[in-house]
Amino acid sequence: MRRQRWYTPYLLVLPGVIWVLVFALWPFLNTVFLAFTDARPLRPVQFVGLENFAKIGTDERFGFALTTSLVYVVVCVPLLTFLPLLLALLVHRKIPAIGFFRTTFYFPVIASAVVVAIVWEFLFSSTGTINSALKFFGLADRPIEFLSDRWLLILCAIGLTVWKGLGYYMVVYLAALGNVGRELHEAAAMDGAGAWRRFWSVTVPGVRGPMMLVSVLICVAAVRVFTELYVLSHGSGGPGGQSMSMVMLIQSMGKGLNGQIGYASAISLVLFLLTLVPLLVVGIANNGDVLKEIAVNRRVRRAARAAKRAEEVSA
């Protein structure tokens, strides 16, 4: 066998390293730098310190975008955490044609987000299917402006996000349910536990790890939502831009020859810090025992040093 060169492993990982440096690390560092400048297209860059971040605190549009993102998180996280689990429990059973139902539930995941949003817009427009059905059954005298009202537009976008994400997280839970032993359900049933009790006492603890992962993924995706709101509002962000998300605000502020790239970069940095929060929560939750052990060892070392100093003083 031909001898392997010492640099062969480094050559194999070099393309991946270059890709990360050029398309991930460098743009991130450049965004951090631009966040402290007044960068605009075709103009020299000047350092302005924390001026952009001070502007964020008084910008009404940022308040609207932050509110939209928080509402998205509060509504989407519980819905997309528990509904896919219930759906996974339904398709986990071995019944005739279950493969067809699994494929049907997963189909929205592979569909283009833009195409699905256009279909959703057709459904909820003033002359769309929903309003036509309401008028036909006499439930509404005039069209409901789903896409022209701030909160109705956000709710329509949330419905689109939930509908499109159900199948993806269902697959995650299906993989997790395979690790929940059937004997646990049988033992609980023998003890008199009903279906609801077995769900909370056996199923939920069995998928607690994947459930936390799903919650974090949903939280990060909800904070960074863009396509749904952009397509449904035709890029305007709703009436007065009040339904605009954080990413939509960044895109709006940074585009064009008059784009405020420095200010958009500052908002991007704030968005990055917001996405770190759920990741830190999960990290602390998953490593709680390790962190407790570290804290206990630190207290023991402090007590030992204090005792040693006390002995030295008494001597």
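Visitor: Where in the chain is L42 found?

Guide: In this model, which is a predicted one, L42 is found in the loop between α1 and α2.

Visitor: Why is L42 called exposed?

Guide: The relative accessible area of L42 is 80%, and since the term applies to values over 50%, L42 is therefore classed as exposed.

Visitor: What makes the phi of L42 worth a remark?

Guide: Most residues other than glycine have a negative phi. L42, although it is not a glycine, has a positive phi of about 60 degrees. H234, in the loop between α11 (227–232) and α12 (246–254), also has a positive phi, of about 55 degrees, and is not a glycine either; with a relative accessible area of 62%, H234 is exposed.

Visitor: Why is the pair of F36 and F53 called tilted?

Guide: The ring centres lie 5.3 Å apart, within the limit of 6.5 Å for a pair, and the planes meet at 45 degrees; because stacked requires under 30 degrees and edge-to-face over 60, the pair is tilted. F36, in the loop between α1 (8–34) and α2 (51–58), and F53, in helix α2, are 17 residues apart.

Visitor: What makes the pair of F124 and F146 edge-to-face?

Guide: With centres 5.2 Å apart the two rings count as a pair, and because their planes stand at 75 degrees, over the cut-off of 60, the pair is edge-to-face. F124 belongs to helix α5 (residues 113–124), while F146 lies in the loop between α6 (129–136) and α7 (150–177), 22 residues apart. Both F124 and F146 are buried, and together with W120 and W163 they form one aromatic cluster.

Visitor: At what angle do the axes of helix α3 and helix α10 cross?

Guide: The axes of α3 (residues 60–91) and α10 (residues 208–223) come within 8 Å and cross at roughly 145 degrees. The contact includes Y72 and L80 of α3 and M211 and I218 of α10, and its residues divide into 13 nonpolar, three polar and no charged.

Methods
Residues are numbered from 1 along each chain as its sequence is written. This is a predicted model: local features need pLDDT of at least 70, side-chain atom pairs count only at pLDDT 80 or more; totals for chains, interfaces and linings use all residues. Side-chain values use heavy atoms; hydrogens and water are left out. Axes are lines fitted to C-alpha atoms, for helices over the stretch in contact, and angles run from 0 to 180 degrees between N-to-C directions. Helices (H or I, at least four residues) and strands (E, at least two) are DSSP runs, numbered from the N terminus. Contact means heavy atoms within 4.5 Å. Ala, Val, Leu, Ile, Met, Phe, Trp, Tyr, Cys and Pro count as nonpolar, Asp, Glu, Lys and Arg as charged, and the others, Gly among them, as polar. Rings of Phe, Tyr and Trp (its six-membered ring) pair if their centres lie within 6.5 Å; planes under 30 degrees apart count as stacked, over 60 as edge-to-face and the rest as tilted. Buried means under 20% relative accessible area, exposed over 50%, partly exposed in between (1.4 Å probe, protein chains only).
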